[in-house]
Amino acid sequence: YKATDSYGQGMTATFMQVLKAYSVFNNGGKMVTPQIVDSLDFGLKKHHFKTKEPIRVIKQSTANEIKRLLIKTVEEGTGVAAKVKNIEVGGKTGTANISKGKVGYSKKRYITSFFGFANDDKLKYTIGVKVREPEHKYYYASQSAVPVFKEIINSLIALNYLEPKVQEK
């Protein structure tokens with residue numbers, strides 16, 4: 001399994017485990033516990049969550065380097081469709097074949113994902129999107145999960161949870 005583990009097949013993690021891992025890169029090497037927000041009442045009130053104190057799990061310099069690479073993925077890589085003007089955005093696409101149990105992986109069934117972050121000068125959001133079995137012509141994460149991620153960022157801006165930086169003239 002060493003060969004397939006190198007690109008993620010054969011490994012398992014829950015959505016929340018992956019989201020929690022990505023939050024480390026957006027929080028200077030400190031791990032925070034993700035919060036689920038009900039999409040039905042997302043825009044109606046500001047949420048105030050009681051959270052545990054962040055725990056340092058990697059050096060800040062390591063987190064900053066990975067964050068830089070995630071930003072580069074959005075600036076010029078597979079996540080370019082997630083770019084939002086005047087918001088710091090970084091992340092990583094994932095496209096995987098769905099397991100057929102003990103007999104391998106399906107060649108026509110996929111799960112796609114995009115995990116990353118969107119930040120302004122005051123607030124930071126670590127966001128994950130998973131699409132199970134997208135239409136076949138959209139089976140890459142860049143075509144299915146990334147556009148959803150960008151819509152979430154645009155909603156955060158529209159609801160004043162994120163504020164794009166004002167460009168000086």
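The model is predicted, so local features need pLDDT of at least 70 and side-chain atom pairs count only at pLDDT 80 or more, while totals for chains, interfaces and linings use all residues. Residues are numbered from 1 along each chain as its sequence is written, and side-chain values use heavy atoms, leaving out hydrogens and water.

- You will find Thr112 in strand S4, residues 105-119 (strands are DSSP runs of E with at least two residues, numbered from the N terminus).
- Thr112 counts as buried because its relative accessibility is 0% (buried means under 20% relative accessible area, with a 1.4 Å probe and protein chains only).
- The side chains of Thr112 and Ser144 are joined by a polar contact of 2.7 Å (a pair of N or O atoms within 3.5 Å, one able to donate a hydrogen and the other to accept it; residues adjacent in sequence count only if both atoms are side-chain atoms).
- Leaving aside residues up to four places away in sequence, Thr112 touches Ser144 and others, including Gly94, Val131, Tyr139 and Ala145 (contact means heavy atoms within 4.5 Å).

**S4 and S3**
- S4 pairs with strand S3, residues 88-99, in the antiparallel sense over 11 bridges (strands pair if DSSP finds at least two bridges between them).
- Opposite Gly116 in S4 stands Gly91.
- Five residues lie between the strands of the S3 and S4 hairpin, where Gly101 has a positive phi near 85 degrees.

**S4 and S5**
- Strand S5, residues 124-132, runs antiparallel to S4, joined by nine bridges.
- Tyr125 in S5 stands opposite Ala118.
- The hairpin of S4 and S5 has four residues between the strands.

Definitions and conventions
Buried means under 20% relative accessible area, exposed over 50%, partly exposed in between (1.4 Å probe, protein chains only).
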